[in-house]
Amino acid sequence: MGNSCVAGASLLDRGAVSANSAPFHCCGYSWFLHVIPKHKKSGDKIPYVALCLCVNQNILKPGCTLSAVFELSIYNHSKGTYRGCKASYHFHVKQTHSERKCLIPLDEVLKSSDFLVDDSCVFGVRILKADVSSQNKPIVIPKKPITVQNIFLQKKGFIKGIYTWTMNNFLDMKLPVLSPEFDVGGQKWHINMHPLGDQYSTNSLSLYLYLHDQKKLPLESGMMIELTLSILDQKHGKHYTVTGRFVFATNAKNGWGWSNFIPLKTLMDPSRGYLVGSNCILKADATIIGSSNDG
């Protein structure tokens with residue numbers, strides 16, 4: 001199996017929040033796995049653990065299509081084998097996540113020691129082929145040993161931080177802007193906002209959480225962050241909220257978030273209460289829920 005990551009019971013038990021693995025490099029691109037612990041097939045009430053393969057959109061060039069064939073799997077500790085499926089997808093700047101592939105019913109994972117051992121289960125990906133349309137030639141896939149990333153292994157209580165950013169001149173903002181720094185877990189963070197969206201968005205506000213200095217992270221580990229960003233409804237209290245989980249590590253990019261956080265039409269709608277005059281309030285809830293160790 002080309003690359004694998006380890007996810008623990010905290011992912012499977014703490015609601016249906018999805019998570020991203022730490023990035024890994026193959027065939028000249030940066031990839032990561034996206035784990036969805038409670039995905040439901042259309043018309044099916046049974047929750048499945050699902051995976052999709054993602055490519056770092058910052059590396060893809062506009063107009064290029066990266067066509068990949070790959071395997072997604074979960075490791076059976078009892079048999080010493082991977083259980084999964086083969087898939088393919090055409091990645092480009094606007095489509096960086098492959099289709100979700102259901103690997104196994106969640107209930108089977110939680111009740112069996114075959115897949116969940118010491119509060120951890122191993123997910124893997126193997127990239128079999130990758131072609132870039134603009135080059136019309138295949139990329140040579142180097143053979144690499146298994147890379148294991150152990151996440152969700154924090155034994156102590158969760159470390160949480162809350163930050164509120166009030167902008168009184170939002171309508172005057174056109175260029176990307178950084179919030180003041182705030183502290184969570186002894187690290188300095190800030191929010192990177194693109195008021196009119198970044199190059200990957202479609203008529204939407206873009207929001208990202210950035211680690212100020214990732215060099216201060218321990219070399220042998222990173223941090224799994226559960227992030228909730230909210231645009232506060234100042235009239236009705238019905239806030240616009242998005243939640244996700246991301247790995248910040250020394251060898252990974254220092255910012256994670258959403259290029260299409262909220263449609264600009266929705267944000268600017270005066271009946272929604274997200275903008276009162278030129279006043280906009282953004283709230284960040286960041287919780288350190290685990291670690292990420294390369295093994």
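Modeller: Rings of Phe, Tyr and Trp (its six-membered ring) pair if their centres lie within 6.5 Å; planes under 30 degrees apart count as stacked, over 60 as edge-to-face and the rest as tilted. Bear in mind that this is a predicted model, where local features need pLDDT of at least 70 and side-chain atom pairs count only at pLDDT 80 or more, while totals for chains, interfaces and linings use all residues. Residues are numbered from 1 along each chain as its sequence is written, and side-chain values use heavy atoms, with hydrogens and water left out.

Colleague: OK, how many aromatic pairs does the structure hold?

Modeller: Eight. One of them is Y163 with F182, a stacked pair with 4.5 Å centre to centre and 5° between the planes.

Colleague: Which parts does that pair tie together?

Modeller: Y163 sits in strand 12 (residues 159-167) and F182 in strand 14 (residues 182-184), so the contact joins parts 19 residues apart in sequence. Strands here are DSSP runs of E, at least two residues, and helices are runs of H or I, at least four, both numbered from the N terminus.

Colleague: And are Y163 and F182 buried or exposed?

Modeller: Both are buried. That means under 20% relative accessible area, with exposed being over 50% and partly exposed in between (1.4 Å probe, protein chains only).

Colleague: Which residues form an aromatic cluster?

Modeller: Y240, W258, F261 and Y274 make up one cluster.

Colleague: Switching to charges: how many salt bridges are there?

Modeller: Three, counting a side-chain nitrogen of Lys or Arg within 4 Å of a carboxyl oxygen of Asp or Glu. R83 bridges to E108, with the closest N and O atoms 3.0 Å apart. That one links distant parts of the chain, since R83 is in strand 7 (residues 81-91) and E108 in helix 2 (residues 106-111), 25 residues apart.

Colleague: How exposed is R83?

Modeller: Partly, at 34% relative accessible area. E108 is partly exposed too, at 32%.

Colleague: What does K111 form a salt bridge with?

Modeller: D107, and the closest N and O atoms are 3.4 Å apart. K111 is exposed at 68%, whereas D107 is partly exposed at 44%.

Colleague: And where do D269 and R272 come in?

Modeller: Their side chains meet in a salt bridge, 3.8 Å from N to O. D269 is partly exposed at 25% relative accessible area, and R272 is partly exposed at 36%.
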